[in-house]
Amino acid sequence: MLRIVLFLLAIALAAVGAAWIAEQTGEVTLSWGGYRIMTSLPVFALALGVVIVAALAVFSLLYALWRTPGRIRRGRHERRHARGRHAITHGLLAIGHGDSAAARQHADTARRFAAHDPLTLLLHAQSAQLEGDRERAKAAFNAMAERGDTRLLGLRGLFIEAQRSDDPFSAVMIAEEALKLSPSSSWASHAVLGFRCAKGDWDGALAILDNDLASGLLDKASYRRRRGVLLTARALELETVDRDRSRQDAMEAVKLAPTLVPAAVLAAKFESEAHQVRRAMRIAETAWLAHPHPDLADAYAHVRLGDSARQRLVRVETLAAKTPGHIEGALAVARAAIDASEFARAREVLSRFIADPTQRLAMLMAEIERTEHGDSGKSRAWTLRAVRARHDPVWTADGYVSDRWRPVSPVTGRLDAFQWQTPVASLPSPEGATIEPSPFEQAMLAAGAPREPQEAGGLAEPPREPVQPDTAPPPATQDNEPHNLPPTAKVEEAATPSAASALESSPPHLEPLSPAPLFRSRADLSRAGQPPIPPVIPIVRAPDDPGIDDEAPSDEFTEQIGTPKAQAGGWRGFLARWGA
């Protein structure tokens with residue numbers, strides 16, 4: 001609307017000007033050399049306007065001709081750049097869907113038409129990574145690191161290649177250089193922090209953490225938690241070297257992260273040594289409410305030095321009452337009850353978890369059976385059950401299981417990665433149990449009544465199979481036996497001593513004994529006794545009788561060649577000999 005108003009206003013002004021010039025009287029005279037031109041003012045104004053427009057038209061034409069080569073070069077460059085951008089776009093798409101051949105082709109096209117584009121170097125590096133050509137990828141990332149606009153991107157690529165080549169020192173050097181260029185680079189900060197934690201450089205790690213807070217990479221809550229983790233790690237390392245500094249770090253860590261279990265355990269220990277019992281108990285209780293842990297229960301039980309086992313039991317029961325129904329509380333109470341010889345109390349707190357026990361619970365039950373009654377049979381049964389029982393929670397991070405808490409994951413280098421939980425590999429599977437409970441274990445756990453004295457030890461010897469004694473071989477038939485006896489008489493006469501000895505040596509038939517419930521069932525005990533082997537009298541020669549071979553000795557040459565034929569006589573033999 002404004003443009004229309006301005007356009008109409010310009011037309012009105014032009015019309016007013018033209019009318020004013022037309023109303024003017026007088027003449028305009030131009031004298032140039034011998035020429036003299038006289039005209040009126042309106043005609044002069046019109047001629048002047050025409051000359052000005054013509055001059056502008058000629059100037060525009062000449063200027064356009066002057067700029068034509070540059071426009072041609074610029075248009076050609078723009079077309080090449082457009083083709084390069086098109087190749088870069090399709091090359092990145094090919095990398096996205098994993099087509100290495102197309103990505104390589106588009107990368108070559110992009111280098112030909114847009115060699116100085118930063119995305120061209122990125123496309124070449126990623127296509128080389130997709131093909132597995134690390135040398136070409138490193139060359140591309142080095143070229144990117146030499147440019148100012150792509151320096152950080154090139155350092156990131158070189159860092160990744162160093163990690164893939166299993167070269168941690170080069171990776172850390174690259175990360176430190178990138179961190180100097182850009183303190184807000186999260187990947188560089190994470191890499192340098194993990195490396196310093198791995199070396200035990202806790203002061204350097206704390207400096208990196210302060211830098212992350214100043215750069216805005218961490219919020220206040222995450223900073224407090226991570227600083228508490230690093231201070232706890234330094235306190236644990238200095239516990240036997242510099243106890244004053246270790247105590248200072250532990251107390252600061254508890255203030256920053258009250259629910260961190262290792263910090264709470266160490267701080268409670270230092271407070272207990274300083275006879276600050278209430279403060280130590282309060283620290284352990286705060287961490288216990290968030291994460292029940294056996295180390296917290298142990299520190300809480302021994303918070304006052306010199307207490308008896310029953311006093312520790314009462315204290316642990318108070319701690320377990322703060323988290324009712326939790327298995328860690330029951331295990332802690334059972335441990336303290338066993339130390340105080342309160343076996344009934346230990347059985348009571350563990351009874352609700354016996355249906356699906358963990359390994360620690362099964363081992364506690366085995367210790368109760370062995371310590372209270374000296375029942376080694378039930379103790380072994382609970383020990384076997386512990387092998388098949390569920391795993392207890394452990395310190396784990398990124399699939400790595402550790403026997404102690406660590407500040408950094410050894411797999412990914414992530415800070416504060418370890419958690420007290422059941423390992424992933426031991427979680428219940430829908431496939432069912434791999435190892436079924438044995439009959440021995442079921443019999444031992446099901447047996448409630450006291451056994452006979454011979455079974456109490458669990459070492460009764462199982463019945464054995466009767467062993468058949470070796471019988472002497474029957475006498476061989478001799479050549480000097482009387483020949484007037486019938487064959488039946490000779491067989492009976494020879495068989496009489498052998499059969500008699502066999503009958504004397506064979507034991508009477510016994511009923512199969514039923515297996516005692518202490519042992520697992522055996523299939524071989526349920527079978528009836530084997531019948532005695534009937535005596536067999538082989539007819540053999542005496543040891544000193546060579547005998548007579550039933551068959552004539554065979555000659556291999558005779559068998560192969562055969563018996564020679566007799567030579568024919570008379571004129572046939574003569575012809576045969578003459579023809580040979």
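Buried means under 20% relative accessible area, exposed means over 50%, and partly exposed lies in between (1.4 Å probe, protein chains only). By that scale aspartate 307 is buried, because its relative accessible area is 13%.

This is a predicted model, in which local features need pLDDT of at least 70 and side-chain atom pairs count only at pLDDT 80 or more, while totals for chains, interfaces and linings use all residues. Residues are numbered from 1 along each chain as its sequence is written, and side-chain values use heavy atoms, with hydrogens and water left out.

## Overall

The chain has 24 helices and five strands. Helices (H or I, at least four residues) and strands (E, at least two) are DSSP runs, numbered from the N terminus. Of the 580 residues, 31% count as buried. The accessible surface comes to about 38100 Å², and carbon and sulfur atoms hold 58% of that surface. Accessible areas come from the Shrake-Rupley method with a 1.4 Å probe; for residues, only the protein chains shown count as cover.

Contact means heavy atoms within 4.5 Å. Among contacts in the chain with a separation of 6 or more, 52% join residues 24 or more positions apart.

## Salt bridges

Side chains of opposite charge can pair when their charged atoms come close. The rule for a salt bridge is a side-chain nitrogen of Lys or Arg within 4 Å of a carboxyl oxygen of Asp or Glu. By this rule the count is 30.

| Pair | N to O distance |
|---|---|
| Glu161 and Arg164 | 3.7 Å |
| Arg279 and Glu271 | 3.9 Å |
| Arg304 and Asp307 | 3.5 Å |

Take the Arg304 pair. Arginine 304 is partly exposed, with a relative accessible area of 39%. Elsewhere, salt bridges that share partners join Arg104, Asp108, Glu131, Asp133 and Arg136 into one network.

Glutamate 161 and arginine 164 both belong to helix α6 (residues 151-164). They sit three residues apart, about one turn of the helix. Glutamate 161 has a relative accessible area of 1%, so this residue is buried. Arginine 164 reaches 46% and is therefore partly exposed.

In the remaining tabulated pair, glutamate 271 counts as buried because its relative accessibility is 1%. Arginine 279 is at 38%, so it counts as partly exposed.

## Surface patches

Patches are made of residues with over 30% relative accessible area and no salt bridge; like charges are joined within 9 Å, and nonpolar side chains (Val, Leu, Ile, Met, Phe, Trp, Tyr) within 5 Å. Lys and Arg count as positive and Asp and Glu as negative, with His and the chain ends not counted. The place of a charge is NZ of Lys, CZ of Arg, CG of Asp or CD of Glu.

A positive patch on the surface gathers Arg76, Arg79, Arg80, Arg83 and Arg112. Helix α2 (residues 41-96) supplies four residues, the largest share. Arginine 112 belongs to helix α3 (residues 100-113).

Leu2, Leu6, Leu9 and Leu13 make a nonpolar surface patch of about 440 Å². Leucine 2 is part of helix α1 (residues 2-23). This leucine counts as exposed because its relative accessibility is 62%.

## Buried residues

Serine 127 lies in helix α4 (residues 118-131). Its relative accessibility is 0%, so serine 127 counts as buried. Leaving out residues up to four places away in sequence, serine 127 touches Ile95, Ala103, Arg104, Ala107 and Arg136.

Leucine 350 is in helix α17 (residues 343-350). It too has a relative accessibility of 0%, and therefore counts as buried. Isoleucine 327 is 23 residues from leucine 350 in sequence and 8.5 Å away in space, C-alpha to C-alpha.

## Positive phi

Most residues other than glycine have a negative phi. Which value does phi of serine 341 take? It is near 60°, a positive value. Serine 341 lies in the loop between α16 (327-339) and α17. The residue is partly exposed, because its relative accessible area is 47%.

Aspartate 398 also has a positive phi, near 55°. Its place is the loop between β3 (394-397) and β4 (400-402). With a relative accessible area of 35%, aspartate 398 is partly exposed.
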